[in-house]
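Please consult the sequence and the three-dimensional view while reading.

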Amino acid sequence: MGDQAKLSVAGAEHDYAVLKGSVGPDVIDIRKLYAQTGAFTFDPGFTSTASCESALTYIDGDEGVLLHRGYPIGQLAENSSFMETSYLLLNGELPSKDELASFENTITRHTMLHEQLANFYRGFRRDAHPMAIMCGVVGALSAFYHDSTDISDPEHRKISSHRLIAKMPTIAAAAYKYSVGQPFVYPDNKLSYTGNFLRMTFGVPAEEYEVIPAVEKAMDRIFILHADHEQNASTSTVRLAGSSGANPFACIAAGIACLWGPAHGGANEAALNMLKEIGTPDRIQHYIDRAKDKNDPFRLMGFGHRVYKNYDPRATVMQSTVREVFDALKVNDPLFETALRLEEIALSDPYFAEKKLFPNVDFYSGIILSAIGFPTTMFTVLFALARTVGWVAQWNEMISDPGQKIGRPRQLYTGPTQRDYVPLDQR
Ligand code: SDX
């Protein structure tokens with residue numbers, strides 16, 4: 001018998017198995033707790049609860065380690081491509097040359113959207129936030145591709161996964177084009193996944209668009225950095241939505257909605273807006289003081305993380321990518337200096353040191369995306385585009401698990417106990 005944890009409830013002792021992952025903290029299996037004791041556990045925000053078993057991504061938050069299928073994020077960011085990392089996440093192993101070529105070919109051939117979807121965009125106001133458009137259009141995919149929504153059929157699951165990964169750049173670029181009043185640009189199969197996305201976003205039918213290799217590489221790396229991050233809020237949302245048997249397009253739309261919040265993927269937009277508001281380094285201290293003030297709701301955006309109590313390894317890569325993009329585009333954004341200084345001041349402040357608050361993936365990404373030409377409202381869209389592969393891989397992992405059950409948390413009820421209905425004229 002493996003390790004056991006003992007719990008004493010109302011004078012009776014119960015044993016619970018201690019599960020061991022391949023690496024990481026032990027997990028106490030409390031699935032029988034309610035049946036045995038009549039009690040629930042209480043863990044709002046899931047600070048101590050493993051919601052599932054997964055073999056995709058591992059984070060050691062104390063050491064600042066992030067592994068996809070065992071491979072460190074720094075190595076993937078430096079040597080891999082977003083397509084290769086996507087294959088890795090979906091299939092568990094790095095592809096051979098032929099496997100990668102075949103995967104890229106499949107994804108490339110699914111990039112077009114049903115032509116009628118263009119009409120769907122027209123229902124949105126021109127000033128709609130592109131994340132609002134993303135929630136709507138991605139959810140609507142299930143109305144256009146019903147030939148791949150039978151989740152019990154592995155082939156359907158595979159096709160819908162490929163469709164989602166392939167169409168996301170086309171959908172995201174169209175959301176942008178719609179907001180600036182330019183025509184949608186069709187995908188070009190000669191280009192890479194990321195080159196194609198840049199062309200659909202910044203190209204116009206009137207002239208040839210030239211993809212700048214250094215920008216394409218940086219963008220591709222940003223996609224790798226966002227590809228997956230174990231059981232974060234949006235991924236957990238996708239899993240919970242999927243646990244009821246909902247189709248994958250609907251589940252990914254749910255993930256997009258969750259990602260939008262400023263505490264999650266919306267932080268990249270909020271972080272750049274914050275840097276703009278701070279402006280010059282001489283104003284930083286004022287904002288640091290505000291972030292530390294319990295009575296002020298202001299928080300440093302792009303700072304802090306539920307899991308990382310050390311530097312987010314993605315932020316390190318992101319920071320070094322800023323200069324690369326500036327050099328390639330021959331630009332310089334003074335906000336980068338402000339960001340570097342803000343990081344320096346925050347990290348030397350006891351408040352941030354004690355609470356182990358470090359820059360996260362969202363802190364530097366906005367500066368790069370802004371330099372490439374994206375408006376702030378598109379930042380979270382880009383996060384959603386890249387995270388789609390993680391969502392899809394996690395969803396597939398869950399559906400393929402024969403022991404999968406609908407997610408159904410319980411609660412600590414604090415409302416009124418039973419009482420009798422009072423007719424309106426007696427209240
Ligand atoms: C992402 O989970 C993932 O993996 C997400 C993600 C992914 O790839 O999927 O990594 C992407 O969502 C990154 C996080 C983006 N969000 C932000 O940058 C928003 C700013 N950060 C925070 O609001 C906050 O740090 C969270 C939401 C990221 C984490 O919240 P927790 O784990 O619930 O922590 P908390 O809010 O309880 O903070 C603990 C303490 C608090 O102080 P005390 O009440 O203990 O005194 O730290 C303080 C907080 O007030 N704190 C901050 C702070 N973040 C936390 N104080 C000032 N500025 C901050 N940014």
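**Helix packing and cysteines**

The buried residues of α10 pack against α11 (248-259) and α18; contact means heavy atoms within 4.5 Å. Helices (H or I, at least four residues) are DSSP runs, numbered from the N terminus. The model is predicted: local features need pLDDT of at least 70, side-chain atom pairs count only at pLDDT 80 or more, and totals for chains, interfaces and linings use all residues. Residues are numbered from 1 along each chain as its sequence is written, and side-chain values use heavy atoms, leaving out hydrogens and water.

**Helix α10**

- In helix α10 (residues 233-243), the buried residues are Ser234, Thr235, Val238, Arg239, Gly242 and Ser243; buried means under 20% relative accessible area (1.4 Å probe, protein chains only).
- Gly245, with a positive phi near 95°, follows α10.

**Helices α7 and α18**

- The axes of helix α7 (residues 154-180) and helix α18 (residues 379-400) lie 9 Å apart, at an angle of about 170°; axes are lines fitted to C-alpha atoms over the stretch in contact, and angles run from 0 to 180 degrees between N-to-C directions.
- α7 is therefore roughly antiparallel to α18, a term for angles over 145 degrees.
- Residues making this contact include Leu164 and Met168 of α7 and Leu385 and Trp395 of α18.

**Cysteines**

- The structure holds 0 disulfides, a disulfide being a pair of cysteine sulfur atoms within 2.5 Å.
- The closest cysteine sulfur to that of Cys135 belongs to Cys258, and at 10 Å is too far for a bond.
- For Cys251, the nearest cysteine sulfur, in Cys258, is 13 Å away.
- Cys251 is buried, with a relative accessible area of 0%.

Key: Helix = DSSP H or I, 4+ residues; strand = E, 2+ residues; numbered from the N terminus. Parallel < 35°, antiparallel > 145°, perpendicular 65-115°, else oblique. Buried < 20%, exposed > 50% of the residue type's maximum accessible area, 1.4 Å probe, protein only.
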